[in-house]
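Welcome! Take a moment to look over the molecule shown here, and then we will walk through some of its features together.

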Amino acid sequence: MRIRDLLAVSELGLTLLAGDEDTEFTAVHVTDLPDPGRYLTGGELVLTGLMWRHEPADSARFVAALRAAGVAALGAGQAWLGHVPDDLVAACAQAGMPLLEIPTAVSFRAVGEVAAPRLSGEVRAALGRQRRIVDAVAEGADLAELFALTAAELGVNGAVLSSTGEVVVGSCADPVRLATAYLAAPRLPCVSEGHTLFGIGRGHRAAGWTLVCEGDLLGRADLGFELAACVALERTRMEEGRRVERRLVEQLVGAALAADADPAELNARLRTCGLGPGEPYAAVTATALRPGATRGPDPATLGGQVLEELLGRGVVAAAGADGAVALVPLPDPVSVLADRLRAGLGVLSALRDTRISIGVSGALTGASSIRGGIEEAGHALRMAEARSGGVVTSDEIYTHALLLATVPGDVRRSFTHRLLEPLFDYDAKHQSELVRTLGAFLDTAGSWNACAERMHVHVNTVRYRIRRIEELTGRDLSTMADRVDFFLALRAR
């Protein structure tokens with residue numbers, strides 16, 4: 001029942017002094033205890049005669065106790081004081097709690113008698129709704145059918161979105177924006193631009209789903225929680241089937257990495273995982289690191305969950321010691337797959353506490369390519385991790401970047417610091433551009449004129465700066481060895 005339903009009963013003559021009339025309550029409780037929290041369960045409309053109030057400060061303490069107990073609204077009678085004090089109105093307004101003024105001529109019993117039949121009817125309706133939902137689950141309703149049924153029963157319009165902004169079920173006008181709001185929200189449920197967002201299940205948000213409902217449902221949060229619970233139930237049922245598929249991929253990967261791998265067995269396992277012998281695919285590896293986290297899934301498990309969401313749950317990823325591995329069909333070139341993964345990571349960047357790294361192999365065919373593809377994707381993954389996250393494809397690992405990625409971070413930093421520190425110090429003291437000039441000079445293969453043109457300076461300026469770089473570092477940029485050292489130092493930063 002809602003506060004506005006009571007206000008609509010003219011015989012009661014109630015007046016709303018603070019708060020939202022759309023607030024819903026589930027029971028009526030009468031008390032004059034200064035701290036009745038131990039007797040409350042949450043969601044009540046509390047009726048009080050104000051006998052607990054002896055000074056203005058009592059109002060704030062009383063309202064704080066009600067808020068801590070999860071009380072929905074407060075009704076204050078006039079019989080004891082003859083009015084509702086302003087300090088109580090202010091305390092309720094500050095706490096966001098609706099406050100009703102109850103005339104002296106109206107008893108609390110009368111308010112309760114008006115509310116009781118409506119509340120009982122709502123309980124019966126909720127039980128009937130639950131029975132119909134349970135029947136639908138028992139009859140094998142899929143997620144779309146269950147969502148449509150439950151949303152219609154509750155009178156809620158909305159959608160379920162993945163963490164990457166994909167519409168899982170329902171309809172939504174701007175899923176990416178709302179998924180970003182879900183990832184960035186300090187707490188759920190929350191309201192974002194005309195929609196209320198609820199979390200679904202207890203998993204990490206990087207691989208989570210959110211229920212998006214039209215309008216502000218914070219005053220009717222029980223409806224959103226009920227719908228979210230139904231979706232979570234169906235997702236759990238779907239997850240049971242995916243566990244079997246992950247086990248098949250895990251067995252395939254283990255067999256492919258074994259020294260005595262049998263090609264016939266591998267091809268049979270590949271078909272079991274839904275990939276034909278001639279069908280192109282890519283090996284994709286992933287980790288999701290949460291610096292400082294002491295609880296929750298490990299980087300490989302969470303990385304696999306994220307990877308599955310990024311690819312619309314069209315694949316399964318098996319968690320391993322070095323990361324999760326998935327074999328992804330390739331109807332399009334690898335570059336298309338990489339772009340899709342990068343787009344999803346762009347949405348997930350709203351999660352400041354999670355660093356997601358993904359490595360993608362080149363196009364593969366047949367079971368004999370699995371081992372090499374996994375190794376290739378693993379090298380790309382390590383490079384992505386060295387870059388603090390992102391997507392790296394096999395095209396990038398057959399360059400100096402792979403060598404840098406395999407060097408420990410402290411060694412890279414020491415190498416760069418030792419070689420380039422004199423230039424950084426000089427630039428800081430003189431507001432010069434020696435480091436930038438060095439990079440442009442190397443990028444233009446040591447051409448004075450091309451470097452000057454790129455930097456929009458005279459060629460003599462470039463010559464002067466290069467001589468200054470050589471003097472400060474003791475290196476000779478006319479030699480290939482020193483050019484290589486500088487090139488690597490600039491990219492190891």
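The report below goes through this predicted model topic by topic.

## The nonpolar cores

The largest nonpolar core has 42 residues, and the members that touch the most other members are Val 284, Val 306, Leu 307, Leu 337, Leu 341, Ile 358 and Val 360. Several elements give two or more residues to this core, including strand 6 (158-162), helix 6 (175-184), strand 11 (281-289) and helix 9 (299-310). Helix 10 gives the most, with 7 residues.

## Aromatic pairs

How many aromatic pairs does the count come to? The count comes to 3 aromatic pairs. One of them joins Trp 52 and Phe 62: their ring centres are 4.0 Å apart and their planes meet at 15°, so this pair is stacked. Trp 52 belongs to the loop between strand 3 (44-48) and helix 2 (57-68), while Phe 62 belongs to helix 2, so the pair ties together parts that are 10 residues apart in sequence. Trp 52 counts as buried at 5% relative accessibility, and Phe 62 counts as buried at 1%.

Another pair is formed by Phe 198 and Phe 225. Here the ring centres are 5.4 Å apart and the planes are at 75°, so the pair is edge-to-face. Phe 198 is in strand 9 and Phe 225 is in helix 7 (residues 221-257), so this pair ties together parts that are 27 residues apart in sequence. Is each of these two residues buried or partly exposed? Phe 198 counts as buried, at 0% relative accessibility, whereas Phe 225 counts as partly exposed, at 46%.

## Charges over rings

Arg 205 lies over the face of Tyr 182, at 5.7 Å from the ring centre. In another case, the charged end of Arg 235 sits over the ring of Trp 209, 4.3 Å from the centre of that ring.

## Two buried residues in strands

Thr 196 lies in strand 9, which covers residues 195-200. With a relative accessible area of 0%, Thr 196 is buried. Where does its side chain reach? The side chain of Thr 196 reaches the backbone oxygen of Gly 215, at 2.6 Å. If neighbours within four places in sequence are left aside, the contacts of Thr 196 include Pro 189, Val 191, Leu 211, Gly 215 and Leu 218.

Val 160 is found in strand 6 and counts as buried, at 0% relative accessibility. Setting aside its neighbours within four places in sequence, Val 160 is in contact with residues including Phe 147, Val 168, Ile 200, Trp 209 and Val 231. For a sense of scale, compare the positions of Val 160 and Asp 35: they are 125 residues apart along the chain, and their C-alpha atoms are separated by 40 Å.

## Backbone details

The peptide bond from Leu 188 to Pro 189 is cis, with omega near 0°. Pro 189 lies in the loop between helix 6 and strand 8 (190-192).

Leu 50 is not a glycine, yet has a positive phi of about 70°. Leu 50 sits in the loop between strand 3 and helix 2, and counts as buried at 0% relative accessibility. His 456, also not a glycine, has a positive phi of about 60°. Its place is the loop between helix 16 (448-455) and helix 17 (459-473). His 456 is exposed, with a relative accessible area of 72%.

## Cysteines

Finally, how many disulfides does the count come to? The count comes to 0 disulfides.

Conventions
Residues numbered from 1 in each chain as written. Predicted model: local features only at pLDDT ≥ 70, side-chain atom pairs only at ≥ 80, totals over all residues. Heavy atoms only, no water. Disulfide = S-S within 2.5 Å. Helix = DSSP H or I, 4+ residues; strand = E, 2+ residues; numbered from the N terminus. Buried < 20%, exposed > 50% of the residue type's maximum accessible area, 1.4 Å probe, protein only. Polar contact = N/O pair within 3.5 Å; in protein donor to acceptor, adjacent residues only side chain to side chain. Contact = heavy atoms within 4.5 Å. Phe/Tyr/Trp six-rings, centres within 6.5 Å; stacked < 30°, edge-to-face > 60°. Lys NZ or Arg CZ within 6 Å of the ring centre and 35° of its normal. Core = buried A, V, L, I, M, F, W, Y, C linked by side-chain atoms within 4.5 Å.
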